[in-house]
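User: Could you walk me through this structure in questions and answers? I would like to know where to look and what to look for.

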Amino acid sequence: MITQQRSRNLFIALIIVLLSWQPNCVMADYAVIVHPSNHTQLDLTDIRRIFLLKIKQFPDGKQVAPIDRREGSTIRREFIKTVIGTDEIKLKAYWARLLFTGKVILPRTLNNDAEVTSTVAENPASIGYVDSKSVTDDVRVVETF
Amino acid sequence: MECRRLRLLTPALGLLTSANLFATDFHFSGFATAAGGKTLDSETVYVVDPTTQGAYNNDFRFEPESMMGLQVQALISNELRATLQLVAKGGDDFSAKADWAFITYDITPKLSVNAGRYRLPTFYYSESLDVGYSYYWIRPPVEVYRIFTATLDGVNLYYSSFFGSMEIITQAWFGSNETDFVSPHPITGDVAINADTTRNLGLNTTLGWDWLKLRLVYNVGDITVTATPPPASGAPIQVVDSNITFLGAALMSDLGAFKWRSEYTQSDNEGDDSSRSWYASAAYSLGALTPHFTHAVEKAREPPFDFNRTTNTLGVAWYFTRSAVIKFEYAKSKRDTAIESSDLELVSTAVDIVF
C-alpha cells in the first residue's frame, strides 16, 4: 500500500519534472548583437523600434544600421514573431508603406550568421541577430530570444 | 522589396579621400498591381482612380487599376538622399510619370526636409495609394479618396519621434501642382480637364500607440479647374476658381487579428460647394486570409449637382506568398440626386506585389 502510494507520488513528480523541463536552447536560441564598443542599454522596445525603422539612432544618440536576414528563414520568422511581435507579411506591408513613400532605406539583408557577426564586429552602427552558437568575442549581445 | 544595391565608386577620388564620401549606394525596388473588374449592369460606370479617371464599366476591364512602379533611392551621404519613383498606370495608358522625385536632407535623426515632387499626404493612405500591398482593399474607399490632385511640387518637413510609449509623426507641406486628365462625359463626350493647384499648404499629425492610431489633417489651397469639351461642343470653361479647405481625421486600430480603419473628411470652398465623406471598415485576419467589410458615405453639396453616395464593400485579401496578395471584392453603391436614384454593383479582383 505504502509502496504503491510512493511509486504513484514518484510517478506524478516525474511527470511534473518532465512537463516543466525545457531545454536551455528553447529559452535563448538567438541573440541580438551590436559592436563591442557600443555600450548603450537596449531593451526590447528599442530593438523593436529600430527594426520597425521608427528610430534612426541608438538611445545614446549614435547612428543605427539594422541588418535584416533572408525572408522566410527560421531565424527571421522567429525574430519578427518574438521580438517585433508581428509576422513577415504584416512587416512587409508596413515596410512597403515607408519604402514607397521615400521615408526610409530598407536594412541590408545578409545571408548567414558569419556575415552578420563580421559586419557587426566591423561597424559600430550595426545591429543584427544570429544564432546564439555563432556569437563571438568580437560582438556584444544585447538581448536573447 | 529586396533592394538591389549597386556601389559606384569614383576610383580616382576614392584614392584621395574616404571611400564613403564619394560612394553612392543605389537601392532599387518596385511594386505592381494587375487588376480587373466590371460593373454588373450595362448603364453604369464606376470611377476608381480620381487622378487618371480610370473607371470600370460593364465590360471586364484591366486598365483602370493595373499599374507598375519602380523606385530608385540614391544615398549620397548619411543625411542626404534622392528618391525617384516612376509609376505607369493603366488608367493613364501606362505612360510612366514621376509621382515622387525629391531630395531628402535629415536635419536631425527625427526631422527631415524634402524638396521636389511628392504625393500629397492628405489622407491616411494617400501617400501609398499606388502600393496595393500596403492595405487590404483593392482600393481605399473612393468616397474619401476622391481628390484628383495627388502630387505636389514643393517642400515638406517630416518629423517622427516618441514621447514615452506614444509615437508622433507630423508632416507640413507647401507647394503647387498642375495636372491634366480626361474625364468621360456621357453627353458631350470626353472633357479635357486642367486642374491648377497653387499656394497649397497643409499639416498632418499622427499619434500612435501600440494598437491605436489617431490622425488629423488640414490642407488649404487655391484651385483652378478648366474644362475643355470636344471642339464641337464649345470653348473651355472655368468650372472652379476658389480656395479649398480640407479637414480630415482618421482612427485606425490593430488589435491582434482584428483591424479597424475609419476616416472622415470634409472639404469646403469659398463658394457654395462642400462635401462630407467618411468610411468605417473592419477586417479580421484568419491566417493568410483577411476578409473585410467597409461602409462608405459621401455627401456632396455642389449645386445644382448635389448627390449622396453610399457604398458597401465586402472583400477578401489572400496573402498567398510573402510578396504577393490576391484580392476579391464585391461593392454595392447607391447614388441619390434631387431627381434620381441609381444603384451600381462592381466586382473586381487584383494581385498586388512588391519587389
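Here is a short tour in questions and answers.

User: Happy to have you along! Before we start, what kind of model is this, and which pLDDT do local features need?

Analyst: This is a predicted model in which side-chain atom pairs count only at pLDDT 80 or more, totals for chains, interfaces and linings use all residues, and local features need pLDDT of at least 70. Residues are numbered from 1 along each chain as its sequence is written, chains are lettered from A and ligands numbered from 1 in the order in which they are written, and side-chain values use heavy atoms, with hydrogens and water left out. For local features, then, the pLDDT needed is at least 70.

User: Thanks! How many helices and strands does chain A have?

Analyst: Helices (H or I, at least four residues) and strands (E, at least two) are DSSP runs, numbered from the N terminus. Read from the N terminus on, chain A goes α-α-β-α-β-α-α-β-α-β-β. The count is six helices and five strands.

User: What percentage of the residues of chain A count as buried?

Analyst: Buried means under 20% relative accessible area, exposed over 50%, and partly exposed in between (1.4 Å probe, protein chains only). Chain A has 145 residues, and the share that counts as buried is 43%.

User: Which residues touch the most other members of the largest nonpolar core?

Analyst: A nonpolar core is a set of buried Ala, Val, Leu, Ile, Met, Phe, Trp, Tyr and Cys residues joined through side-chain atoms within 4.5 Å. The largest one holds 61 residues, and its largest share, six residues, is supplied by helix α5 (residues 88-99) of chain A. Apart from this core lies another, of ten residues, with B:Tyr56 and B:Leu344 among them. The members of the largest core that touch the most others are A:Phe79 and A:Ile127.

User: Which residues does A:Phe79 touch, not counting residues up to four places away in sequence?

Analyst: Contact means heavy atoms within 4.5 Å. With those sequence neighbours left out, the partners of A:Phe79 are A:Val32, A:Ile47, A:Phe51, A:Ile84, A:Tyr129 and A:Phe145.

User: Which residue caps the N-terminal end of α3(A)?

Analyst: Helix α3 of chain A covers residues 44-51, and its buried residues include A:Ile47 and A:Phe51. Just after this helix, A:Leu53 takes a positive phi of about 60°. At the N-terminal end, a side-chain oxygen lies 3.2 Å from the backbone nitrogen of A:Thr45, and the capping residue it belongs to is A:Asp43.

User: How many residues apart are A:Arg69 and A:Asp113, which meet in a salt bridge?

Analyst: A salt bridge is a side-chain nitrogen of Lys or Arg within 4 Å of a carboxyl oxygen of Asp or Glu. Here the N to O distance is 3.0 Å, and both A:Arg69 and A:Asp113 are buried. The pair links strand β2 with helix α6 (residues 113-122) of chain A, at a separation of 44 residues.

User: Over in chain B, why does the salt bridge of B:Arg119 tie together parts that are apart in sequence, and what is its partner?

Analyst: B:Arg119 lies in strand β8 (residues 111-119) of chain B and its partner in the loop between β8 and β9, so the pair ties together parts eleven residues apart in sequence. Both B:Arg119 and B:Asp130 are buried. The closest N and O atoms are 3.3 Å apart, and the partner is B:Asp130.

User: Is B:Asn156 buried or exposed?

Analyst: B:Asn156 sits in strand β9 (residues 151-163) of chain B. Its side chain makes a polar contact of 2.8 Å with the side chain of B:Asn114; such a contact is a pair of N or O atoms within 3.5 Å, where within protein one must be able to donate a hydrogen and the other to accept it, and residues adjacent in sequence count only if both atoms are side-chain atoms. Because its relative accessibility is 9%, B:Asn156 counts as buried.

User: Last one: what is the relative accessible area of B:Trp318?

Analyst: B:Trp318 is found in strand β17 (residues 307-321) of chain B. B:Trp318 counts as partly exposed, and its relative accessible area is 42%.
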